[in-house]
Amino acid sequence: MKLPFKVDLSNKIVVITGGGGVLMSEFGRALAACGAKVALLDINEEAARAVAGSIGERAMAVKADCLNKESLVSAKGAVEERFGKVNFLINGAGGNSPKATCDNEFMTPEFPEDIKTFFDLEEAGLKYVFDLNILSAFLTTQVFAAGMVKTGGTIINVSSMNAYRPLTKIPAYSAAKAGISNFTQWLAVYFAPAGIRVNAIAPGFFVTNQNRNLLFSKDGTPTARTEKILAHTPLGRFGEVSDLIGTL
């Protein structure tokens, strides 16, 4: 990996939730390249192991359910046993759900009866998206920030440009990421006297495992949504993870 610049993170321990995903795996590689030891937490242990294997001895994979506090406490114990006390936390776990996604971009007086509108969205879908984004960050921060109170540390949450400019079709995800941005500001104020800095990175459009089917057809051709997105993107392309590494 080519870093835009390099900082010395030797002897620093980083926990990354969602560590097996497209964005967080590259975050892990970048931090390890700067000397940090990286613990990749993911409910998909196989994906996390693959990433850890690509990094080497400075990385470990830990199966963890970010919606289960006992699971997170167990993961923390595993990280501390191998690497030591955690210095940095990246709350990268999150995502959307088809159950909280509309088929139509706009509501009109007349619309096909066979499409899923706002009125058809499932309550369970909305709760799932809020839990996956907000509750996961809440619980993970409770577990891992407790050890930073006396020593200081850094927390990075992953928000989205949806937090500031909601996209059509995905009301729950947009609202959840707005909640992450607000939660980040609250945490920053709360933890400041303890020397814990809290910030959020809000990416624009990136192709991930979760949104790939919305952006590309099965044959790999761009969907109408992709064409619309890129038409409003000055560079005319989706983001690449390397675009975020300097900010990280």
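The legends below describe close-up views of a predicted model.

Local features require pLDDT of at least 70 and side-chain atom pairs count only at pLDDT 80 or more, whereas totals for chains, interfaces and linings use all residues. Residues are numbered from 1 along each chain as its sequence is written, and side-chain values use heavy atoms, with hydrogens and water left out.

**View 1. An open sheet of six strands, paired in parallel, has the order β3-β2-β1-β4-β5-β6.** Strands (E, at least two residues) and helices (H or I, at least four) are DSSP runs numbered from the N terminus; two strands pair if DSSP finds at least two bridges between them. The edges are β3 (59–63) and β6 (196–201), each with a single partner strand, so one side of each has no neighbour in the sheet. On average, neighbouring strands are turned by 15° against each other, direction ignored. Axes are lines fitted to C-alpha atoms, for helices over the stretch in contact, and angles run from 0 to 180 degrees between N-to-C directions.

**View 2. Strand β5 (residues 153–158) runs parallel to β6 and is joined to it by six bridges.** Gly153 has Ile196 as its bridge partner in β6. Helix α4 packs on the sheet, touching β1 (13–17), β2 (37–42), β4 (88–91), β5 and β6, and its direction makes about 170° with that of β4. Contact means heavy atoms within 4.5 Å. Helix α5 lies across β5 and β6, at about 165° to β6.

**View 3. Helices α4 and α5 pack at an angle of about 20°, with axes 8 Å apart.** The two helices therefore count as roughly parallel (angles under 35 degrees; over 145 is roughly antiparallel, 65 to 115 roughly perpendicular and the rest oblique). The contact residues include Phe130, Ile134 and Phe138 of α4 and Tyr173, Gly179 and Phe183 of α5. By class, this contact has 15 nonpolar, three polar and one charged residues. Ala, Val, Leu, Ile, Met, Phe, Trp, Tyr, Cys and Pro count as nonpolar, Asp, Glu, Lys and Arg as charged, and the others, Gly among them, as polar.

**View 4. Gly179 lies in helix α5 (residues 171–191).** Gly179 counts as partly exposed because its relative accessibility is 22% (buried is under 20%, exposed over 50%, partly exposed in between; 1.4 Å probe, protein chains only). The C-alpha atoms of Gly179 and Ile134 are separated by 6.8 Å, although the residues are 45 apart along the chain.

**View 5. The axes of helix α3 (residues 69–82) and helix α4 (residues 123–145) come within 10 Å and cross at roughly 35°.** Lys69, Leu72, Val73 and Lys76 of α3 meet Leu139, Thr140, Gln142, Val143 and Phe144 of α4.
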